[in-house]
Amino acid sequence: GVRIGWLDRNVAEGVEQLKGVRPDREPWPEDKIAAYRAVADPLPLLIFEVLLGTGQRIGDVLAMRWADIEDGGIWVRQQKTGAGIFVPFTDALADALDAAPRIGETLIAQQNGRSVSYSLAHKLITDVRKKIDAMPWDIHCLRHSAAAEIASLPGMSIEHVMAITGHTSEQMA
């Protein structure tokens, strides 16, 4: 209204934003990870493995390119933070990438070689979550799973988790 001259001030300015009511996200349980792997078709399985194996956000995963793979890991420029990081591959992710067809520039590509959109990735993951009764654990929960796995490894610290996930505070990590 201000921009087109109907109002002289933004009436919503200074209004406190309401907090959504959502339970805290939890890591995927091991049995749900196994169930997902058992029933998922190749493309949703690859998306899942890259999310779980890197701990990155879905937008960053969908932007990952084959050319960015180096020395058993991948270089990522995180969209949210702008940080450039190197993420080493887990054994499961390395196996999944070895088995994946290289049909486009990005790791996650459609049969025609085009990148997969967020909406398609979300639909593919959600379809499998419904099949295995895993609706409480969404795409973002895979970051929590990856962070928990990193933290549980011998010699790993919260700083390691932060470096790989790109979190800027210990509380977020």
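Before you click: numbering starts at 1 along each chain as its sequence is written, and side-chain values use heavy atoms, with hydrogens and water left out. Since the model is predicted, local features need pLDDT of at least 70 and side-chain atom pairs count only at pLDDT 80 or more, while totals for chains, interfaces and linings use all residues.

**Stop one: α2 and α5**

Select residues 42-54 (α2) and 118-131 (α5). Helices here are DSSP runs of H or I with at least four residues, strands are runs of E with at least two, and both are numbered from the N terminus. The two helices pack at about 95°, axes 9 Å apart; axes are lines fitted to C-alpha atoms over the stretch in contact, and angles run from 0 to 180 degrees between N-to-C directions. That makes α2 roughly perpendicular to α5 (65 to 115 degrees; under 35 is roughly parallel, over 145 roughly antiparallel, the rest oblique).

Now show side chains: Leu 43, Pro 44, Ile 47, Phe 48 and Leu 51 from α2 meet Ala 121, Leu 124, Ile 125 and Val 128 from α5, where contact means heavy atoms within 4.5 Å.

**Stop two: α2 and α6**

On the α2 side pick Phe 48, Leu 51 and Leu 52; on the α6 side, Leu 142, Ser 145 and Ala 146.

**Stop three: the sheet**

Next comes an open sheet of three strands, ordered β1-β2-β3 with antiparallel pairing (strands pair if DSSP finds at least two bridges between them). β1 (69-70) and β3 (84-88) are the edge strands. Two bridges link β1 to β2, residues 73-77, and Ile 69 has Ile 74 as its bridge partner. Five bridges join β2 to β3; look for Trp 75 opposite Phe 86. In the hairpin of β2 and β3, with six residues between the strands, find Gly 82, whose phi is positive, near 80°.

**Last stop: the core**

Which residues have the most contacts inside the largest nonpolar core? Select Trp 28, Val 50 and Ile 108, within a core of 41 residues. Such a core is a set of buried Ala, Val, Leu, Ile, Met, Phe, Trp, Tyr and Cys residues joined through side-chain atoms within 4.5 Å; buried means under 20% relative accessible area, exposed over 50%, partly exposed in between, with a 1.4 Å probe and protein chains only. Helix α2 gives the most to this core, six residues.
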